[in-house]
Amino acid sequence: MNISILGSTGSIGVQTVEVVQNLPNFRIIVLTAHSNYKLLAQQARKLKPQFIAMYDKTAANQLKLELSDLSKIHKFEISAGMDGLLQAASLADVQIVVNGLVGSVGLRPTLAAINAKKEVALANKETLVAGGSLVMQAAKANGVTIRPIDSEHSAIWQCLQASENSGNLVEKSAVKNIILTASGGPFRTWSTEEIAKATVDNALKHPNWNMGAKITVDSATMMNKGLERIEAQFLFDLSYDKVKILVHPQSVIHSMVEFEDGAVLAQMAAPDMKQPIQYALTAPNRPKRPHTALDFWNMSTALTFEPPNFEKFPCLEITEQAAKLTKTTLPAMMNALNELLVADFLNGKIGFYDISNYLKKAFANYKYEQVESLANIDKAEEFAKNFANEFVKG
């Protein structure tokens, strides 16, 4: 099975490379990255792929110099920009595309992979938030399965499977609710006043997970859970009211499915992304892998649950508005603006609660429309850029 990794130098990409090393029938033949050409060069020397792409064109030129010696003994192609990502997602010899990109840049490569009839292992939740209608329509038309990598969605997917061998899902009518669990992030026990003064360093200290900066800040604002709610609606074809959010600080139960007969199935594992990554690649099979096992006999803390706090985390309320309008451009605008605001926060230009405050202002000034094509999404993202330039930078 040949794999293309979009975003191989990010957290998901690096872990995917590690996972594949223990899967003898899988081979990584495509690597892409944004600008980290040093790490990508190391990966290329180890994996000897057929195709490499750098989104940053300057970094692509630096990569060519870095790999000039390898090119003399191994044949491969280096491309750049969005064209490079689209090629990487649709290369003829690839069977599975792992999308570990960060942000809405992942939408077009996902569509390219689907239209080339590749299976898609998706960690890029922004793809479905911004263009879920287009993606799921394309997947259905091309007979492509979207295999979730996010631990919450992988958990739901695993719970919904009727058996390990068949891979069939239970009837949707049997599902009463799906419950997405959330750790609560680094500020779960902080007061609103304390959160208002939170620094970048504070926000990047996630209690359970080791993730990239953007997704870690999204976890701190709980925007991440709102985005995951929209992603779940598309992945499992469920209405807004059937997707619930529950805070579970220990991150042992990754999500649950409540059925109409009163049964609740939960998927449990250590907080380790390698399990959902491997399952996305091998489902419905479960090959052995090195992992940290849950030790229930010596577990030092109880498993606890609590409702989310909308006052402390206003991004949750904002995302609820978008979750009710998933077939419009409101989620795409929200996602694009959030990306810009998180970048400003990480660069020290705005405070922590400015992220939600500016999102609220944008919602009040934005007129959404139905998603009919990528042009609608581009227009929504352009509004977000203009808003950020006018209100935030101004």
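Predicted model: local features only at pLDDT ≥ 70, side-chain atom pairs only at ≥ 80, totals over all residues.
User: Which residue does Lys-176 pair with, and how far apart are the atoms?
Analyst: Lys-176 forms a salt bridge with Glu-258, and the closest N and O atoms are 3.9 Å apart. Lys-176 lies in strand β8 (residues 175-182) and Glu-258 in strand β10 (residues 253-259), so this pair ties together parts that are 82 residues apart in sequence. Helices (H or I, at least four residues) and strands (E, at least two) are DSSP runs, numbered from the N terminus.

User: Is Lys-176 buried, exposed or partly exposed, and what is its value?
Analyst: Lys-176 counts as partly exposed, at 38% relative accessibility; buried means under 20% relative accessible area, exposed over 50%, and partly exposed in between, with a 1.4 Å probe and protein chains only.

User: What about Asp-218, which residue is its partner in a salt bridge?
Analyst: Asp-218 forms a salt bridge with Lys-214, with the closest N and O atoms 2.6 Å apart. Both residues lie in helix α10 (residues 213-221), where Asp-218 and Lys-214 are 4 residues apart, about one turn of the helix. Asp-218 and Lys-214 are both buried, and together with Glu-126 they are linked in a network of salt bridges.

User: And where do Arg-289 and Asp-272 sit?
Analyst: Arg-289 forms a salt bridge with Asp-272, the closest N and O atoms being 3.6 Å apart. This pair links distant parts of the chain, with Arg-289 in the loop between α12 (274-282) and α13 (314-323) and Asp-272 in the loop between β11 (264-268) and α12, 17 residues apart. Arg-289 is buried, with a relative accessible area of 14%.

User: Switching to helices, at what angle do α13 and α14 pack?
Analyst: α13 and helix α14 (residues 330-346) pack at an angle of about 150°, with their axes 8 Å apart. Here the axes are lines fitted to C-alpha atoms, for helices over the stretch in contact, and angles run from 0 to 180 degrees between N-to-C directions. α13 and α14 are therefore roughly antiparallel to each other, given that angles under 35 degrees count as roughly parallel, over 145 as roughly antiparallel, 65 to 115 as roughly perpendicular and the rest as oblique.

User: Which residues meet there, between α13 and α14?
Analyst: Ile-318, Thr-319, Gln-321 and Ala-322 in α13 meet Leu-330, Pro-331 and Met-334 in α14, where contact means heavy atoms within 4.5 Å. The residues of this contact of α13 with α14 divide into 5 nonpolar, 2 polar and no charged. For these classes, Ala, Val, Leu, Ile, Met, Phe, Trp, Tyr, Cys and Pro count as nonpolar, Asp, Glu, Lys and Arg as charged, and the others, Gly among them, as polar.

User: How do α7 and α12 cross?
Analyst: The axes of helix α7 (residues 151-160) and α12 come within 9 Å and cross at roughly 50°, which makes α7 oblique to α12. In this contact, Ser-151, Ser-154, Trp-157 and Gln-158 in α7 meet Gln-275, Pro-276, Tyr-279 and Ala-280 in α12. By class, the contact of α7 with α12 has 4 nonpolar, 4 polar and no charged residues.

User: New topic: which residues does a cis peptide bond join?
Analyst: A cis peptide bond joins Ala-283 and Pro-284, with omega at about 5°, and Pro-284 is placed in the loop between α12 and α13.

User: What is phi for Met-222, and is that residue buried or exposed?
Analyst: Met-222 has a positive phi of about 70° although it is not a glycine, and its place is in the loop between α10 and α11 (223-235). Met-222 is buried, with a relative accessible area of 3%.

User: Last one, what does Glu-228 touch?
Analyst: Glu-228, which is found in helix α11, touches Lys-125, Asp-150, Glu-152, His-153 and Leu-180, not counting residues up to four places away in sequence. Glu-228 is buried, with a relative accessible area of 2%.

How values were computed. Residues numbered from 1 in each chain as written. Heavy atoms only, no water. Salt bridge = Lys/Arg side-chain N within 4 Å of Asp/Glu carboxyl O.
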